[in-house]
Amino acid sequence: YSSAVQKFSQTLQSFQFDFIGDTLTDDEINIAESFKEFAELLQEVELERSMMVQNASDLLIKPLENFRKEQIGFTKERKKKFEKDGEKFYSMLDRHLHLSSKKKESQLQEADLQVDKERHNFFESSLEYVYQIQEVQESKKFSIVEPVLAFLHSLFTYNNLTVELTQDFLPYKQQLQLSLQNTRNHFSSTREELEDLKKRMKEAPLTCKLPGQPTIEGYLYTQEKWALGISWVKYYCQYEKEAKTLRMTPMDQKPGAKQGTLDLTLKSCVRRKTDSIDKRFCFDIETNERSGTITLQALSEANRRLWMEAMDGKEPIYHSPITKQEEMELNEVGFKFVRKCINAVETKGITTEGVYRTVGSNIQVQKLLNAFFDPKCPGDVDLQSGDWDIKTITSSLKFYLRNLSEPVMTYKLHKELVLAAKSENLDYRLGAIHALVYKLPDKNREMLELLIQHLVNVCEHSRENLMSPSNMGVIFGPTLMRAQEDTVAAMMNIKFQNIVVEILIEHFGKIYSGPPEDTSTPPVPPPRVAARRHKPITISKRPLRERPVFFGASVEESGADRYGQTPNGSGSLGTELPKPLLRSRLPAPRPGDEPGRPPTEAEVGKLVARLQDAGVKPPGKAANGVVASPALRNATLQARRPAPRPGIYSREGECDGVPKPRPHGDKPVIMRPPVRPPDPPCRTPVLPRLEQRPDLIAGTAEEMQMPSSM
């Protein structure tokens, strides 16, 4: 599992997103960097997991194996020597007892000396053996428990690390989810525009529109009037929109004719009325070089529409009131309509969920627009009445703004606004957009201020209507801004149009508090090599976590020397200090806890005195001089057990550090060691069963039994 996770982390680390366009939004940058953040998180977790597994070997398995090999193995050797010397002594004693008293005195004395010598050797062997058993029995109380305790510490430290990583991950997760939602919204709005563009391109014939080439080129027929009548001449035409130049090359060259290529500068283009000429697909143009109009015929209706779009052609007649030329401009009726819509929304629909996102009925929208823009009584519509719902009003407002002959933020400033939104420097974005707003015509700036103020009011109720500045940018970006030409590149810039509107909403107070100091030109953007002012969200740049020293009285009080000593001063038991684990912070001590400290000699002495007063008798001695009283063994265990911390682990009836006598049948209480730094709050740990290595503990218990002969 760990290997699979590490391979997955490496895959995430090396994965690269491909993006269309020359610039990424802040949300796209966050998404592009997210896999690297995920990879570093997984690597950190797996590193700690591998350290925990290593600690299981270093802190638990190896110390127990060393204790078994060194201490118990040495005890076995003592036992063999004791049994050998005992057998030798008793066999000699048997032979000595069978000696005849009639032997010489010198022989009897020599036999007595040999028996005394073997008795002395046997006594020394038995004493060493019993001493070794006592040493192992006493040392195993901490030599076996400490490795398990150290392993539990590493296990809980690893679990605590995962909790801390989760806490660090939650804010990042929320920010990334917001970036994902914003990107999804941009994608939805862009997809609608692209589908519409794709549909129009399918209906139109193929044309050559490459960078650096004329805006449009193809065959057109020109009406030419002669003295004897009218003729239609075929030309190959190339039109360059920026320079408004039209190059016409005649294709029907007559022998001896001197007709050459014509270079004309376009003034205007108007679609020819169908009933005004007997030819189809015609449109008229005016040029600086020729007086009067030039009538051109396209190859199809779709082809005529393409030529007119390239030449900014206009329609001669508009049937719907909303599409009449005088009402496609920002005039008094338009301002009145916008103000009435805003007033109606803020009065009765500002808290409506999804306001401006929910679309109204097309029939109702056209009905409202036709009624409001009726030339006989323009503006004579009461939007506060129950005849018009909020969806119809908001959809009518968006329809009006989107169908203006020129968008509110104008074609002229469109490119500069998009470039400002693409800047990596947040301060430059705001400064450039601030300056460009005050380069708008007065009516456009007034209309923009009216609309943005309204959108700010709507966003203030985002808890109810769920419309944030980002959502409003998605809706009103294509409404207030649009490119003069519908191209795929222009569609890909819609997300930056949304960002412009979002900035206007978020910084409305600053932008409309007054013009910047110098409104002639926007501030100069910083060079691309400069550090990015807006850094992507991250969780991997956290400060390094502190690694605390392992807890325990033997480490904190006396350091490594005491940790490696047995109570009788023998060598190290082989228990290594645990590897430090990552810990970023430790919680404050709980109320009533004392800083970890070992019990003083005075406290131990008082405890022993109380135990003796309670009826514990002094032990007797066995024949070999070894303390054999079980009462002393219990008293020693209780005397060496540190008193519980006040108010923490003492049960009811226990006080002053003296435990209450346990009734028969009750299970003993497992108590924490008294000396350790504060740990993260968790349940009182219970020592686990060593199910994985039962032979270590079982073997220790069996091999530590006293011999029957003793």
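**Buried residues, nonpolar cores and backbone geometry**

In the predicted model, Phe281 is buried, with a relative accessible area of 17%. Phe281 is located in the loop that links β4 (262–271) to β5 (282–287). Although Phe281 is not a glycine, its phi is positive, at about 60°. Most residues other than glycine have a negative phi.

The largest nonpolar core comprises 64 residues, and within this core Leu448 and Leu480 touch the most other members. The greatest contribution to this core comes from helix α11 (residues 442–459), which supplies 8 residues. When neighbours within four places in sequence are set aside, the contacts of Leu448 are with Val408, Met409, Val437, Leu440, Leu480, Leu504 and Tyr512. Apart from this core lies another, of 22 residues, with Val233, Leu246, Ile285 and Met308 among them. In soluble globular proteins, nonpolar side chains tend to be buried together.

Val115 is part of helix α3 (residues 105–143). With a relative accessible area of 4%, Val115 falls under the 20% limit and therefore counts as buried. Leaving out neighbours within four places in sequence, Val115 is in contact with Phe89, Met92, Leu93 and His96. The C-alpha atom of Val115 is separated by 9.3 Å from that of Tyr90, a residue 25 places away along the chain.

Cysteine residues were also examined. A search of the whole structure finds 0 disulfides. Cys269 is buried, with a relative accessible area of 3%, and Cys341 also counts as buried, at 0% relative accessibility.

Key:
Residues are numbered from 1 along each chain as its sequence is written. This is a predicted model: local features need pLDDT of at least 70, side-chain atom pairs count only at pLDDT 80 or more; totals for chains, interfaces and linings use all residues. Side-chain values use heavy atoms; hydrogens and water are left out. A nonpolar core is a set of buried Ala, Val, Leu, Ile, Met, Phe, Trp, Tyr and Cys residues joined through side-chain atoms within 4.5 Å. Buried means under 20% relative accessible area, exposed over 50%, partly exposed in between (1.4 Å probe, protein chains only). Helices (H or I, at least four residues) and strands (E, at least two) are DSSP runs, numbered from the N terminus. Contact means heavy atoms within 4.5 Å. A disulfide is a pair of cysteine sulfur atoms within 2.5 Å.
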